[in-house]
Amino acid sequence: MSYLRNTWYVAAMHDELPPGRLLARIYLDEPVVLFRNAAGEPQALADRCPHRFAPLSAGKLCNGGDTVQCGYHGLQFDGKGACTHNPQGDGGIPKAAVVKAYAVRERHGLIWLWAGEAKEADESLIPDYSAVTSAHVDGTIRGYMPTACSAELFVDNILDLTHVDFLHPTTLGSGALSRAKAVVTEPSERSVKIVWVSSGDVAPYAFDINLREQGRPTDQWTEVTWTAPSTMLIRVGATLLGEPREAGVDTLNLHLATPESAGRTHYWYWSTRNFGLTPEANAQATPMVVNVFKLEDKPMLEAQQQRMGTADFWSLKPVLLPGDAGAVRARRKLKALIDAEASAATPTDGAAA
Amino acid sequence: MSYLRNTWYVAAMHDELPPGRLLARIYLDEPVVLFRNAAGEPQALADRCPHRFAPLSAGKLCNGGDTVQCGYHGLQFDGKGACTHNPQGDGGIPKAAVVKAYAVRERHGLIWLWAGEAKEADESLIPDYSAVTSAHVDGTIRGYMPTACSAELFVDNILDLTHVDFLHPTTLGSGALSRAKAVVTEPSERSVKIVWVSSGDVAPYAFDINLREQGRPTDQWTEVTWTAPSTMLIRVGATLLGEPREAGVDTLNLHLATPESAGRTHYWYWSTRNFGLTPEANAQATPMVVNVFKLEDKPMLEAQQQRMGTADFWSLKPVLLPGDAGAVRARRKLKALIDAEASAATPTDGAAA
Amino acid sequence: MSYLRNTWYVAAMHDELPPGRLLARIYLDEPVVLFRNAAGEPQALADRCPHRFAPLSAGKLCNGGDTVQCGYHGLQFDGKGACTHNPQGDGGIPKAAVVKAYAVRERHGLIWLWAGEAKEADESLIPDYSAVTSAHVDGTIRGYMPTACSAELFVDNILDLTHVDFLHPTTLGSGALSRAKAVVTEPSERSVKIVWVSSGDVAPYAFDINLREQGRPTDQWTEVTWTAPSTMLIRVGATLLGEPREAGVDTLNLHLATPESAGRTHYWYWSTRNFGLTPEANAQATPMVVNVFKLEDKPMLEAQQQRMGTADFWSLKPVLLPGDAGAVRARRKLKALIDAEASAATPTDGAAA
């Protein structure tokens, strides 16, 4: 599997990594252990001791988190991957006793991991999702949902939201999205935006029940911005026909996918809204939102991956529909970025001569 | 795995496919969805939407069963595999939006699927098993038993019924079958028959307890007719020594195997008898029959497959015994039919010139 | 996977094979069935009937154990692998109806299997572990622990016992072992011995609590003798500083590993001690010992194997520490023995000419 390397991937939500925890996850086929150092900063190391290949995540944190001790024979490593302690013999530290360290950054509630060389890590490429992650806690529903499909299928899923009409018909779908014409743009070299608007339809159930009056025609908007490699910001809302957006209900949502492997994906959702901002309203809304993701999206995506097997998507000759416009653009853009990395890594004829 | 294609395979018993159900099964490595159209006729499509490869079986039936709607983005297909509805954009139907349709037929309680091109489907090749499937309901015990072995091993199992003496010694075996001399014939180009008869032995337990007197010498008969590719009709019975067959107990049984893959088989048994034709007698006999299949045959066949792994049967150089005569004949006949298909599909030198 | 063939592997502890039992295990990728003949001697056959490839272990013992009957069609084989009975037809025994028989020997509580040709079996190569296996029953804790790692990792684990300081810190580790200097010798062509001694440390908890006084400085000894291919005899003990060994606590332990496959190992532990020789003391000590193996060693070894995948150990370029000296020597010795077998099996240029 070829992945985009010089980019940030979401590794965890901030509170999945409390101080003192060794969090073992696989990203892009590589086992990684995450922990916080004594200053509280997230650290990430290859999760394999260079001595006997035990997972460092099976060890323990020492020095307030500044080092992780292998649980098998006791070598200690700091967050840069350097061996800082060898309990054996004269305590000399073998030169080769080094583990790969990843660049990681915590930004607005998310922990990001750079998949390329740590020294190339470019903080300016971390997307700013603070509008979502700083939203009112009582209007926030979020969770982690690892899923047996590729990250590409998750991106396709979100960039073609016409699926709500069929996969989520009782909550998020009203039929309006399928009939609307999608407008696709490219806000930046690393992003694709797709927008659907409609006028005159009753809003989907989850929105309709929160409008001033129910069962009335509305103006609706759905806007998805994908940023390479696989994070999506979604704005969806509705207002009574002809009224300003501010008078209606609006939601801002993050969907964050990080490949574990070709066929497995770490997935996080972080959904926020501008209404029902009480603990009671949040408690009531949570099962509906979680069930949409866990009981409708997840099984469909896993079934889709299962039917595709390990075949390349294009080799299966998909029949494309209008709703695929954004997803196809994002797939091509990601491929172009990966190809550009590959050719940058290969000396040109001239350079080789 | 190479399968015989221009032939019928059992896909389901009639009542496994009630109206309104989408039944997902894999036959010959191909995912298929079965359903009944508005007229109640069984239909079979490749279980993969050509748009995004979601299983159609995860969708729903529309128009009384005349179409199946993909549960992901809403394309609809009829039982011929034609796309009849596209909810997106102007509703135009892409030319390529077609799924493979299989020829299926319902005959005397069974639903049959043709594994070759639908237009080549030859109804005259469907075996007539009505003598079994129309038998008295209170003398009928039937079920579905998917099993982790090849369909060939199921055929071998039934064509060498001497195994009853060792695998089912307390119910169906008496030792008589192993000692009897098997007579093998070929009733047709696509069938093999093997017959064992014996005189003087006490009948196996399951038969003995249903004779007029117990523990007495009997005449016994066991006749198996295999029809390519993998369905078996079995007649087994016993009568007190010298009495006519009609005075004894007789059973007529179907064993139906359809490959799911090289190592997994759909299996159905349909056992009927000419005695004990009451609900009470049937309820009493059912556990014994079901246990013979599920607790004795199935574990042995799965263990056998496990020991063989993915090796070709003949490559393992089996030591053949007299009881294998029928099974070997059937294996050779099936191979000849498959080879004939392959050479029919390949132009000869002359034709190619 | 290449294994040493002309050597003995532990197949079972004596009481894992009571008379009348068919014990199915895989050794070195080969399915084997073990049983006792009428004289009580252990027998071992390839666990696959040559007729239809059913596992013989799914059959039953006949003639007091002198033959095993296939449970599918009834062929019987004796402990030499010869077919002694065919129930079919005229009862003639096909020439090819033979199964592979392994040489097996029962010695001091263990059943050993020779992995090479039975006629080459050399009883003098069976290690004498009677000092352990004849120890007082109330000072003995033993068990079977199949584990998802290679046998090499088990050998490494035992030959580098410095791991007790980190993996078993509350029971067997005190930190003394890591700091001690290991002395490695080669008592024979097929064995490696590693010895650690220390003076002045408090003994590990499991030893300290059994000394005359607790929390006092001690002399400690740890001696491991590995014998090819994968059995280890361990002596570990402690005595109050300056007192003779006999005045302290001493343990003698067997760790026995036999490859099931490249990634799975049969493992037995047989731990004996010279103190606490009562049923009550044994019952109290048992959970601690078993938990060390099952809750600490086993998960670490399986995690280590999982991180290594199917890669060759040396190809991963392990960073070696002083504690690895014994394990590396044993790995090299085993490899040399395997290479010697391979070249003995290959004609030299001269012989071929």
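In strand β8 of chain B, His85(B) is the bridge partner of Gln76(B). This structure is a predicted model, in which local features need pLDDT of at least 70 and side-chain atom pairs count only at pLDDT 80 or more, while totals for chains, interfaces and linings use all residues; side-chain values use heavy atoms, with hydrogens and water left out. Residues are numbered from 1 along each chain as its sequence is written, and chains are lettered from A and ligands numbered from 1 in the order in which they are written.

- Gln76(B) and His85(B) belong to a pairing in which strand β7 (residues 76-78) and β8 of chain B run antiparallel over 2 bridges. Strands are DSSP runs of E with at least two residues, helices are runs of H or I with at least four residues, and both are numbered from the N terminus. Two strands pair if DSSP finds at least two bridges between them.

**Antiparallel strands in chain C**

- Strand β13 (residues 183-188) and strand β14 (residues 191-202) of chain C pair in the antiparallel sense over 4 bridges. A hairpin of 2 residues joins β13(C) to β14(C).
- Within this pairing, Thr185(C) stands opposite Lys193(C) of β14(C).
- β14(C) is also joined by 11 bridges to strand β15 (residues 217-227) of chain C, and these strands run antiparallel. Here Val197(C) stands opposite Trp221(C) in β15(C).

**Aromatic pairs**

- Rings of Phe, Tyr and Trp (its six-membered ring) pair if their centres lie within 6.5 Å; planes under 30 degrees apart count as stacked, over 60 as edge-to-face and the rest as tilted. By this rule there are 21 aromatic pairs over all chains.
- Phe154(C) and Tyr267(C) form a stacked pair, at 3.5 Å centre to centre with 10° between the planes. The pair links distant parts of the chain, since Phe154(C) is in helix α2 (residues 151-159) of chain C and Tyr267(C) is in strand β18 (residues 264-273) of chain C, 113 residues apart.
- Phe154(C) counts as buried because its relative accessibility is 1%, and Tyr267(C) is likewise buried, with a relative accessible area of 1%. Buried means under 20% relative accessible area, exposed over 50% and partly exposed in between (1.4 Å probe, protein chains only).
- Phe313(C) and Trp314(C) form an edge-to-face pair, at 4.9 Å centre to centre with 70° between the planes. Phe313(C) counts as buried at 4% relative accessibility, whereas Trp314(C) is partly exposed at 35%.
- Ring pairs link Phe53(A), Phe313(C) and Trp314(C) into a cluster.

**Charges over rings**

- A charge sits over a ring if NZ of Lys or CZ of Arg is within 6 Å of the ring centre and within 35 degrees of the ring normal.
- Arg142(B) lies over the face of Trp270(B), 4.6 Å from the ring centre.
- The charged end of Arg25(C) sits over the ring of Tyr144(C), at 4.1 Å from its centre.

**Backbone geometry**

- The peptide bond joining Ala228(A) and Pro229(A) is cis, with omega about 0°. Pro229(A) is in the loop between β15 (217-227) and β16 (231-240) of chain A.
- In chain B, the peptide bond from Ala228(B) to Pro229(B) is cis, with omega near 0°, and Pro229(B) lies in the loop between β15 (217-227) and β16 (231-240).
- Phe53(B) is not a glycine, yet has a positive phi of about 70°. Phe53(B) is in the loop between β4 (42-46) and β5 of chain B and counts as buried at 1% relative accessibility.
- His108(B), also not a glycine, has a positive phi of about 35°. His108(B) is in the loop between β10 (104-107) and β11 (110-114) of chain B and is partly exposed, with a relative accessible area of 26%.

- A rotation of 120° with 0.1 Å of shift along its axis superposes chain C on chain B, with an RMSD of 0.1 Å. The two copies are therefore related as by a three-fold rotation axis.
- Copies are superposed by least squares on the C-alpha atoms of residues with pLDDT of at least 70 in both.
- In chain C, the C-alpha nearest the axis is that of Thr310(C), 12 Å from it.
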